[in-house]
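Dear colleague,

Please find the structure below for your review. My notes on its aromatic rings follow.

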Amino acid sequence: MTNFWHERFSTEEYIYGKEPNQFVVEAARVLTKGKVLCIAEGEGRNAVYLASLGFDVTAWDYAQAGLDKTQQLAEERDVFVKTELRDLAEVEWQEEQWDAIVHIFGHFPADVMERTLAGIQKSLKVGGYYISELYTKEQLRYGTGGPRDAAMLMDPADILEKFDGYFIKHFHVGEVNREEGQLHTGTAHVVQSIFQKREEAN
């Protein structure tokens with residue numbers, strides 16, 4: 001089967017650029033040093049940035065070309081990022097593994113998203129953070145990035161429901177400006193989350 005993302009990332013150019021997502025830069029300030037997982041990490045811009053701050057970073061992606069570019073960027077910036085080829089439709093999530101899980105513009109079919117968010121909750125340590133910036137369904141009207149399929153875009157209420165019981169450090173729905181390579185260009189409509197896993201969260 002053809003891997004769309006492998007083909008998309010098989011270019012010399014970093015199609016989402018080499019600089020981190022702006023929300024990742026802001027969210028990193030709440031994190032203490034520890035083990036961070038970046039899922040659907042693409043070409044590595046966020047993972048490499050977090051590694052440059054001293055975090056122990058692992059990047060998962062479904063496209064080997066993206067992971068290769070992650071390693072290339074890590075070498076360029078003189079940091080280390082562990083890369084693993086992972087299909088989120090099949091990955092086995094381990095219990096309480098990560099101090100933070102970063103999920104930036106990773107959009108999947110509904111069943112895979114459901115599975116992924118459940119896996120994130122299982123795999124976060126108590127006190128760990130889920131950090132995400134995702135396009136909402138409103139993004140279809142903006143056309144500045146993301147899937148063209150409403151079923152793969154987020155309903156903010158769904159995220160709040162999924163992470164019910166978590167401490168909400170930050171939750172924002174609205175417009176942001178994103179200039180990230182050639183595919184995220186201009187004003188976009190997003191939902192941003194920083195949720196912290198409490199002792200009693202299931």
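The charged end of Lys-33 is placed over the ring of Phe-55, 5.0 Å from the ring centre; a charge sits over a ring if NZ of Lys or CZ of Arg is within 6 Å of the ring centre and within 35 degrees of the ring normal. Lys-35 likewise lies over the face of Trp-98, 4.9 Å from the centre of that ring.

This is a predicted model, in which local features need pLDDT of at least 70 and side-chain atom pairs count only at pLDDT 80 or more, while totals for chains, interfaces and linings use all residues. Residues are numbered from 1 along each chain as its sequence is written, and side-chain values use heavy atoms, leaving out hydrogens and water.

Rings of Phe, Tyr and Trp (its six-membered ring) pair if their centres lie within 6.5 Å; planes under 30 degrees apart count as stacked, over 60 as edge-to-face and the rest as tilted. By this rule there are seven aromatic pairs. In one of them, the centres of Trp-60 and Trp-93 are 5.0 Å apart and the planes stand at 55°, so the pair is tilted. Trp-60 is buried, at 6% relative accessible area (buried means under 20%, exposed over 50%, partly exposed in between, with a 1.4 Å probe and protein chains only). Trp-93 is also buried, at 6%.

The rings of Phe-105 and Tyr-135 have centres 4.3 Å apart and planes at 20°, so this pair is stacked. Phe-105 is buried at 13%, and Tyr-135 is buried at 1%.

Finally, one aromatic cluster is formed by Tyr-130, Phe-163, Tyr-166, Phe-171 and Phe-195.

Yours sincerely
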